[in-house]
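Visitor: I am new to reading protein structures, so please take me through this one step by step.

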Amino acid sequence: DETLAQLGRVDILCSNAGVLDDYADALTADEESWDHVFGVNLKAAWLTSRAVLPGMLERGSGCIVITASVAGLIGGGGGVAYTASKHGVIGLMRQLSYDYAAKGVKVNAICPGVVQTGMTQPLFDDKESVMYEFIPAIPSASWAQPLEIAKLAAMIASDDVPFMHGSCVVADGGWTMK
């Protein structure tokens, strides 16, 4: 509401909120953590999309880019709640695209691998963390910086790719190609 009040309209939504789940498996994850992870990772993407869709549909144009994760495509990229929520994000993106592509709204997802952000920094700071188990297995043997993912989001949102609908764009240093 505040954004709409200040700007009058939203042409591009990049839904990028996310939290981790400490790689908890199904037996160690608790319901409170599950609800929190799903609330931030999936419900927030749905709510923000719902907020901007009416204006996009009225104009017959708009773009929604939702940040999923490689954990939305494979197992082992997070704990049970994170992985399930990111699979849900991809399902949400695909359904939104299916429902609104013919009405001029482009909806796609980015599926990054390891990215050094404020959320993941504690894992990078701990040399014993699970993060350092993943990195040697990534063909690039490296991780991304937020600006790399932001540039990808800008490209997806641009008019340069008008026919891209319902796609998961993977940016993971080759992690999922094996």
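Visitor: Let us begin with Thr67: is Thr67 buried or exposed?
Guide: A residue is called buried under 20% relative accessible area, exposed over 50%, and partly exposed in between (1.4 Å probe, protein chains only). Thr67 has a relative accessible area of 11%, so Thr67 is buried.

Visitor: Before we go on, what kind of model is this?
Guide: Residues are numbered from 1 along each chain as its sequence is written, and side-chain values use heavy atoms, with hydrogens and water left out. Local features need pLDDT of at least 70, side-chain atom pairs count only at pLDDT 80 or more, and totals for chains, interfaces and linings use all residues, because this is a model that is predicted.

Visitor: Which strand holds Thr67?
Guide: Helices (H or I, at least four residues) and strands (E, at least two) are DSSP runs, numbered from the N terminus. Thr67 belongs to the run of residues 62-67, which is strand 2.

Visitor: Which side chain is joined to that of Thr67 by a polar contact?
Guide: Contact means heavy atoms within 4.5 Å, and, leaving aside neighbours within four places in sequence, Thr67 is in contact with Ser15, Asn16, Lys86, Val89, Ile110 and Pro112. A polar contact is a pair of N or O atoms within 3.5 Å; within protein, one must be able to donate a hydrogen and the other to accept it, and residues adjacent in sequence count only if both atoms are side-chain atoms. At 2.6 Å, the side chain joined to Thr67 in this way is that of Asn16.

Visitor: How many residues of strand 2 are buried?
Guide: Gly62, Ile64 and Ile66 point one way from strand 2, while Cys63, Val65 and Thr67 point the other way, and all are buried. Strand 2 is therefore largely enclosed by the rest of the structure, and its buried count is six of the six.

Visitor: How many bridges link strand 1 to strand 2?
Guide: Two strands pair if DSSP finds at least two bridges between them. One of the bridges has Ile12 with Cys63 as its partner in strand 2. Strand 1 (residues 12-15) runs parallel to strand 2, and the number of bridges is four.

Visitor: Through which helix does the chain cross from strand 2 to strand 3?
Guide: Strand 2 and strand 3 (residues 105-112) pair in the parallel sense over six bridges, and Gly62 has Val105 as its bridge partner in strand 3. The β-α-β crossover between them is right-handed, meaning that, with the strands pointing away from the viewer, the path from the first strand over the helix to the second runs clockwise. The helix on this path covers residues 80-100 and is helix 3.

Visitor: Which residues have the most contacts inside the largest nonpolar core?
Guide: A nonpolar core is a set of buried Ala, Val, Leu, Ile, Met, Phe, Trp, Tyr and Cys residues joined through side-chain atoms within 4.5 Å. The largest one has 20 residues, and the elements giving two or more residues to this core are helix 2, strand 2, helix 3 and strand 3. The residues with the most contacts inside this core are Ile64, Ile66 and Met93.

Visitor: How many disulfides does a search of the whole structure find?
Guide: A disulfide is counted when a pair of cysteine sulfur atoms lies within 2.5 Å. The sulfur of Cys14 is 8.8 Å from the closest cysteine sulfur, in Cys63, which is too far for a bond. Cys111 is in no disulfide either, as the nearest cysteine sulfur, that of Cys168, is 4.3 Å away. The number of disulfides found is zero.

Visitor: What is the relative accessibility of Asp22?
Guide: Asp22 lies in the loop between strand 1 and helix 2, and its phi is near 60°, a positive value in a residue other than glycine. Asp22 counts as exposed because its relative accessibility is 73%.
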